[in-house]
Amino acid sequence: MNEKENSIQKIKLSRALEYGFPAIVLGLNHSLKSAVENDIYLSNIAYAQELFSLGRKNDLLLGISTSGMALNVAYAVSVAKVKGMRTIALTGEDGGQLVPMVDVAIQVPDRATNRIQELHQIIYHTLCSMVEAHYFQESK
């Protein structure tokens, strides 16, 4: 590639890149999950352990549970609160134990798991669009 082509590629690259925030989906580190499940006596704490290691004050935890009763999500919320993180829960109509634990609870008006999950997708994508519009409106 000659110098002109290289410059053109750099310009194309700079125009294609988008700003974003660092985000981690808890539970995707299979080695950590396996180690936690094998070595720690308390079950359902893999998310909490991962968040304990990676989360920082003023980070945000978005916990998703259709029933609001997922113990692994509740443990992660507990860790988030201790670390000074902000917390949001996406739940179904009842909200379960997560609602009183979090800073913001978004409860969708349904009790059927499949419908709750469909509504969660819409809300999740809407939240992402709102964040992008707020923080990155002038980036392109």
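1. Helix α4, residues 71-82, has 12 residues and should span 16 Å at 1.5 Å a residue, and the distance of 17 Å between its end C-alpha atoms agrees with that. The expected span is taken as 1.5 Å times one less than the number of residues, and helices (H or I, at least four residues) and strands (E, at least two) are DSSP runs numbered from the N terminus.

2. On the provenance of these values, this is a predicted model, in which local features need pLDDT of at least 70 and side-chain atom pairs count only at pLDDT 80 or more, while totals for chains, interfaces and linings use all residues. Residues are numbered from 1 along each chain as its sequence is written, and side-chain values use heavy atoms, with hydrogens and water left out.

3. The buried residues of α4 are Val-73, Ala-74, Ala-76, Val-77, Val-79 and Ala-80, where buried means under 20% relative accessible area, exposed over 50% and partly exposed in between (1.4 Å probe, protein chains only). An α-helix has 3.6 residues a turn, so residues three or four places apart point the same way. The buried residues of α4 pack against α3 (46-54), β1 (60-64) and β2 (86-91), and after the helix comes Gly-84, with a positive phi near 80 degrees.

4. Strand β2 contains Thr-91, which is buried at a relative accessible area of 0%. Leaving aside residues up to four places away in sequence, Thr-91 touches a set of residues that includes Ser-65, Leu-98, Ile-106, Ile-116 and His-120, contact meaning heavy atoms within 4.5 Å.

5. A search of the whole structure finds 3 aromatic pairs. Tyr-19 and Phe-136 form one that is stacked, at 6.3 Å centre to centre and 10 degrees between the planes; rings of Phe, Tyr and Trp (its six-membered ring) pair if their centres lie within 6.5 Å, with planes under 30 degrees apart counted as stacked, over 60 as edge-to-face and the rest as tilted. Because Tyr-19 lies in the loop between α1 (3-16) and α2 (30-39) and Phe-136 in the segment after α5 (113-135), this pair ties together parts 117 residues apart in sequence.

6. The rings of Phe-21 and Tyr-135 are edge-to-face, because their centres are 5.3 Å apart and their planes at 85 degrees. Phe-21 lies in the loop between α1 and α2 and Tyr-135 in helix α5, so the pair ties together parts that are 114 residues apart in sequence. Tyr-135 counts as exposed at 53% relative accessibility, and ring pairs link Tyr-19, Phe-21, Tyr-135 and Phe-136 into a cluster.
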